[in-house]
Amino acid sequence: MPEYVELAVNVSKVSGVFHYHVPPELEHTLRPGHLVLAPFGKLIVQGVVLRAVAQPEVAETRAIESLLDDQPVLTAAQIELAYQMAHTTLAPLAACIALMLPPGIGQAADVLYNLAGVALPAELPAPQQLVVDTLTKRGPLRARQLDKALPRRNWRASIRALQGRGLITTQPVIPLPRQKAKLVRTARLLHAPPPDTRLGKTAAVHTRRAALLDALQRERGFIATEWLYAESGANLADLRYLEEQGYAELGEAEQLRDPLVGLQTAMDVALTLTPAQDAAWRAVEAALAAPQPKPILLHGVTSSGKTEIYLRAVAHALQAGRTALVLVPEIALTPQTVQRFFARFGSPVGLLHSELSEGERYDTWRRARRGELRVVVGPRSALFAPLENIGLIVLDEEHDDSYYEAQQDVHYHARTAALQLGKISNALVLLGSATPDVGSYTQARSGAWQLLHLPERVQAHGAIGKPPELPPVEIIDMRRELKAGNRSIFSRALQGELEQVLQRGQQAILFLNRRGSATYVFCRDCGHVMRCPNCETPLTQHAAGELSHELVCHQCGYQRTLPQQCPNCESTQIRHYGTGTETVVTELARLLPAARSLRWDRDSTRTKGAHQRILSQFAEHQADVLVGTQMLTKGLDLPKVTLVGVVLADVGLQMPHYRAAERVFQLLTQVAGRAGRSALGGRVIFQTFQPEHYAIQAAAAHDYAGFYETESAYRRQLRYPPFAQLLRLEFRHLDVRKAEQEAGALAAELHAQIARQGRGFTDVIGPAPSFHARVNKEYRWQILLRGPQPAELVRGVRLPGWSVEIDPPAPL
């Protein structure tokens, strides 16, 4: 290793890289990707070695302090991906690297505060006295502990004042990684005691230890003590006795925390391909053999056999000695997908997603790093598994907005990151969807990507006969239902079809992209609407007992009970308006009491394993009707479903976002595709107050091409992506005036910069309040830049307090 290295340090709000020199003891050890400790200012911080440098940028460098892990925590491809993501998202490089580290490994530097041990003044200002009392009571505390102990208080100002008076001492600390390998106690037999040896003072102890020896003799090598205890009824004291007598030896062994342990799957074999599948597969096979393959967009209608193409592509990559990543948009889809891949390939398949425990994710990460896993399946975070020699990256349902990350420090789209990683690794990126993103389809039509089609459905696995066709869709104008006197949320046609499904012993899906039982609650006398005090958005009513309170804010989680009187005029005329999934379940029970229903939305899937539990119950026909939100649209294969009813197809059409129509079209087309996936056939009903809208008409006709032509013409005319790029800047502050002033000042600077650079095709839209103008007490103001490469306007500019998003999806 050369004398100097470049480091990305794990310090919040610090961007850029720093140069250090390598101490003699690490000269032959340190490599790119290693996790180290290094001095940074007065702190000792974690950092990742990025590369060697011949000449440092500073005259005097500091030394790397120590190595935390003998093996690199990042691959060479991941380091390059982090650089590219930082460039395209304008996020700090260290934040991009943090995405690739397993939970519990990356630890930020901290400071330990303690009383100096000198006499304290008789009187201190109240804020300083509060800090002193806290440290006196609890002892030395780190900054993050003080944040929790003194929430919403400016304790740092008090600390500085106390430090200035010599009353407080500070010490830099770096927490050790939280995660490490899980070790379990083991034991093995050295030799059996002579016959008739007494093993204890009492008959009970002797019998127990004799049973323990018998269990040890039945197995060779080291055995987990938990199994020995269960077999013999013995305990650790008994094992210690046998060890002291020289009969047994105690040890430790690593126990992997594998979420796929015990997964039961039938052997999966390759299916016979249809002519369309065979043509698509031959194109994919040729691309896999290319040295630098172009991305492939596989546009196939719902149930057209895209997964079989994915499976064959993975098999081809493995046969070539390479590895594969398979991404799905939602954790809810992961169980079905991982079962198919595990059944086909077995133990080299790993699973990564955020609902796993930290230990499970850490062990899966380690197995991937060691090369024990060759296929990793999961949502967007699985893209950062440390696989070497990646040959294939699959993005199923590539259009889905769940691939976009907006909650962390890095706002990125997994599709963009996958394309970057594919190019770095010379891997094929295979994107599949029945409703491709308009931007993706434009790329494919332009020739930048390869476009493949699967225009027809295929027969279900193991079934015989003619493949099912796409289900017919009937559009019901709910305005006519109202004129006919039907006040129910279900049209007469949908009610009749539900009755038929129940009589035939089949299943139905009811889709509504709204949670809760009422969209908002208001006073009928004065019109006052119950709003969240933190976000100013209307509170959603939920059924009593499901959550801790009846009124819930879906933005910040605030909850309260339903008031008996209006807080504005004290009227008792409190009413609710709107429909959510809970209302659908209630109305279904009223109309069809015999129908067994399940609800599948964010509120019903808060616990670990809830997605799989609900899906398994419905697949095993423990319920007749599945009611849910957009989770229902994501690639589920439910052969007994013969009816899909969309309770209100209009939801989302009036969203103030250029992708609103596309998102509604995708949701409707995808949920319609859940019907008729077997020989039982099926049909779909769209209920709507806007039956003439082109998105609804195209979805009812399963007409992606028609929708694309209409939508892309609008986008081109209005200069929206993919025919221009959007950059969204958002500022948040507790003071609404401060937020507005900052937004106005930046907008003025951007206008001036555009004029100076002669960027006539770049527009500044705003400033204006964000769609969610206040969340968790913070006011939000935004500015949109529209034009060619708007990121170049703000690249390198310090924007404290601002978040930056490139082509953000429609708000949920």
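Biologist: How do you know that Asp 363, in helix α12, counts as buried?

Modeller: In this predicted model, Asp 363 lies in helix α12, which covers residues 358–369. Its relative accessibility is 0%, and the term buried applies under 20% relative accessible area, so Asp 363 counts as buried.

Biologist: Which residues is Asp 363 in contact with, if its neighbours within four places in sequence are left aside?

Modeller: With those neighbours set aside, Asp 363 is in contact with Gln 255, Leu 256 and Arg 257, where contact means heavy atoms within 4.5 Å.

Biologist: What makes strand β36 largely enclosed by the rest of the structure?

Modeller: Strand β36 comprises residues 802–806, and five of its five residues are buried, so the strand is largely enclosed by the rest of the structure. Both of its faces are covered, with Trp 802, Val 804 and Ile 806 buried on one side and Ser 803 and Glu 805 buried on the other.

Biologist: Why are β34 and β36 called the edge strands of their sheet?

Modeller: The sheet is an open one of four strands, in the order β34-β35-β33-β36, and its pairing is antiparallel. Within that order β34 and β36 each pair on one side only, and these are the edge strands. From one strand to the next, the twist averages 25 degrees.

Biologist: How do you know that β33 and β36 pair?

Modeller: Two strands pair if at least two bridges are found between them, and five bridges join β33 to β36, which run antiparallel. Helix α22, residues 736–757, lies across β33, β34, β35 and β36, running at about 15 degrees to β35.

Biologist: How do you know that β10 and β11 pair in the antiparallel sense, and over how many bridges?

Modeller: The requirement is at least two bridges, and strand β10, residues 183–189, pairs with β11 in the antiparallel sense over two bridges. Thr 186 stands opposite Ala 224 in β11. These strands belong to an open sheet of three strands, ordered β11-β10-β12, with antiparallel pairing. In that sheet β11 (223–224) and β12 (248–254) stand at the edges, each with a single partner strand, so one side of each is left without a neighbour in the sheet.

Biologist: Which helices lie across β10 and β12, and at what angles do they run?

Modeller: Helix α6, residues 203–218, lies across β10, β11 and β12 and runs at about 90 degrees to β10. Helix α8, residues 236–244, lies across β10 and β12 and runs at about 125 degrees to β12.

Biologist: Which residues meet where α1 and α13 are in contact?

Modeller: From α1, Ala 77, Glu 80, Leu 81, Gln 84, Met 85 and Thr 88 meet Ala 417, Gln 420, Leu 421, Ile 424 and Ser 425 in α13. By class, this contact has six nonpolar, four polar and one charged residues.

Biologist: What makes the phi values of Asn 776 and Lys 777 worth a remark?

Modeller: Most residues other than glycine have a negative phi. Phi of Asn 776, however, is near 55 degrees, and phi of Lys 777 is near 75 degrees, each a positive value in a residue other than glycine. Asn 776 is found in the loop between β34 and β35 (778–787), and Lys 777 lies in the loop between β34 and β35 as well.

Biologist: Why are Asn 776 and Lys 777 called partly exposed?

Modeller: The term covers values between the buried limit of 20% and the exposed limit of 50%. Asn 776 has a relative accessible area of 48% and is therefore partly exposed, while Lys 777, with 42%, is likewise partly exposed.

Definitions and conventions:
Residues numbered from 1 in each chain as written. Predicted model: local features only at pLDDT ≥ 70, side-chain atom pairs only at ≥ 80, totals over all residues. Heavy atoms only, no water. Axes fitted to C-alpha atoms, helices over the stretch in contact; angles between N-to-C directions. Nonpolar A, V, L, I, M, F, W, Y, C, P; charged D, E, K, R; others polar. Buried < 20%, exposed > 50% of the residue type's maximum accessible area, 1.4 Å probe, protein only.
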